[in-house]
Amino acid sequence: LSPERLRRFADFSAWRNDMSGLANGLSREVMLTPAGERTMYQLGSPGARDRIWIQCDAASDRAAAGAVAWALLESLTSDRVSQYRHIVLGRCLFAIITAAEADGPNLRALDVPVLDAGTLGATPDVMQRMRHFVPTLVIHIQDWTSEEPRVPSRGSWWGASNVDALEAAQNTSQVLSGLRQVESYFISPDLYRRMVVPGALRPRFGRPTPVARALADHPDGRLGTLARRYMGRMGFTVLDRGKVPDTAATQSAVRVAPGRYVPRPEWRRLGGGNLAELALTRFGCVGLSVQLLHGPAAERVGRALALAEGAIIHRLGLEAKDPET
Amino acid sequence: VIRLCVYLAPVPGGMALVAPPEVVEQVRAVGYLLQRKPQAVRVAVLTPAEVGEEVWREHIGDFIRRLTVVAGLPVATSERRLSGRWVAVLATWGVLLLLAAGGNLMQVVGGLWLALFFPWLRRVYHGSLERWARRPLTGLALMVEAPAVELLVHPGLTRLQGLLETNDVSDAEANSRVADACTSLGLIWLEPVYRALSSRVLPPGVWAPIAWQSASRSSTGISNLASEAAPAAASEAATFGSTDPDVAGAPPVQADSGREGVEQRTSSAAI
């Protein structure tokens, strides 16, 4: 991120005014939610084969999610010289959904669940528009950063008793900062059965197991790998490299790589793990849920943008210069 | 037939499908039951009077999927596990005990326990706990395949709706008043939901606001292309390959006194 850009985002509350300036002439639909208005912008080629749904949500502080939506929209509508923009717009139809305003009910995120059961973003209003849009790729950016005091609410399904795990993790500087991605794509039952065996994905003698190799070669699974690598090349590190505490929040998914999770088959079968899982169930599309876990706002925005950009570029096969691929 | 109830609750600004934590617990219990003995499950949507099926029918499928996921998630416990590092230290200590046993039987037994049996028992114990926690998911998967859904009118919800319509106060105050009235109207499980909303916190359990969509509006047509879009004003940020290298781009019906007044209005229908 350039210093100018950081300065611009210093006041995140101003992003909505910037957004309205960008969206002149774009197709847009306003949704009214308990958390205020949210807008869906459509741009690109209506007849394109790839239909990419990018949605930004936040548990509490909507500013960073709003800034991500703004930056995506700005980069797709500006008239700067760009390597990819015209190709991307010619080959895709985009739906970009902004975060809601900050005056709705907030979510006190205590222990961020890998599968949030659609708490963020999967509102009926959104699902109805998704049914009309029929996406082929869903990128759901979830900002779980909360400035609220961590007061556990009784009855909340991620439980009050994870305070200890959270504090222990923070004391040891282990997890819950950085970015976590939950990937939704079809996995054959055979591969699924083998990958949930404990230790099946752990390298043996420095070499990946057959299951890990099969997963790495999965055509849709590669999207997450390449997007993650792209994010690294953009200068954003993955901080989720330590051992993740085995809490209720992480037991519903298989950790396929540092910071990368795939829902376990039992939860995949239910089909409502998060927005991307619902989209996979309904439309069979690939989904990438990007969970931003604390950290400075500018860094969260940068991480989400880099990952979204990497996912789009690799989805369209535009990145031909990556020496590692 | 097992019957589960969710609420279509009136809230300031619209309606919301709500499953309070108690309903989530019920769904989890039903999951265990279905896993052992598959049975038919019917989901009853308790609504105020004069609310048509068209308001919620389209969304109930996704809501039930979300509800089953929440019900199937492992419950957080305060159990403190011995970390893997400590287990490795104990196992190493056990090996050292074995090496230095020198014919001492008790030391051999202790070494075998620490080096072999304790890690094995620990792994088996935690594995069985996790398998037990995942058991309801098999049953819940049967439930989401083709749930039968029916509509029931709840007079308490009708009263709540009337209360919300007559109040001329702020949303937080209205939610607080409605929460006060919940118990007397046989909607004791909805009280924490309204309390949470009055304090601007997402309610516990599962909820999906649905009637706000009727107020949504479209500002322009659908098919405006990006090429027709007005260029952005000033822009120092650039993603997508910018040339600038610096940027990147029933209720348990037992608890509800209003149960007697519940009236079945339509027949069930599979989604």
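Modeller: The model is predicted, so local features require pLDDT of at least 70 and side-chain atom pairs pLDDT 80 or more, whereas totals for chains, interfaces and linings use all residues. Residues are numbered from 1 along each chain as its sequence is written, chains are lettered from A and ligands numbered from 1 in the order in which they are written, and side-chain values use heavy atoms, without hydrogens and water.

Biologist: What makes strand E4 of chain A mostly covered?

Modeller: Strands are DSSP runs (E, at least two residues; helices are H or I, at least four), numbered from the N terminus. E4(A) spans residues 92-97, and six of its six residues are buried. Buried means under 20% relative accessible area, exposed means over 50%, and partly exposed lies in between, with a 1.4 Å probe and protein chains only.

Biologist: How do you know that both faces of E4(A) are covered?

Modeller: In a regular strand the side chains alternate between the two faces of the sheet. Cys92(A), Phe94(A) and Ile96(A) are buried on one side, and Leu93(A), Ala95(A) and Ile97(A) are buried on the other.

Biologist: Why are E3 and E4(A) said to pair?

Modeller: Two strands pair if DSSP finds at least two bridges between them. Strand E3 (residues 50-58) of chain A has six bridges to E4(A), in the parallel sense, and therefore meets that criterion. Strand E2 (residues 36-44) runs antiparallel to E4(A), with five bridges. Leu93(A) is the bridge partner of Gly44(A) and also of Arg51(A).

Biologist: What makes Arg51(A) a charge over the face of Phe133(A)?

Modeller: The definition asks for NZ of Lys or CZ of Arg within 6 Å of the ring centre and within 35 degrees of the ring normal. Arg51(A) lies over the face of Phe133(A), at 4.9 Å from the ring centre.

Biologist: Why is the pair of Trp113(B) and Phe118(B) called tilted?

Modeller: Rings of Phe, Tyr and Trp (its six-membered ring) pair if their centres lie within 6.5 Å; planes under 30 degrees apart count as stacked, over 60 as edge-to-face and the rest as tilted. Here the centres are 6.2 Å apart and the planes are at 50°, so the pair is tilted. Trp113(B), at 39% relative accessible area, is partly exposed, and Phe118(B), at 21%, is likewise partly exposed.
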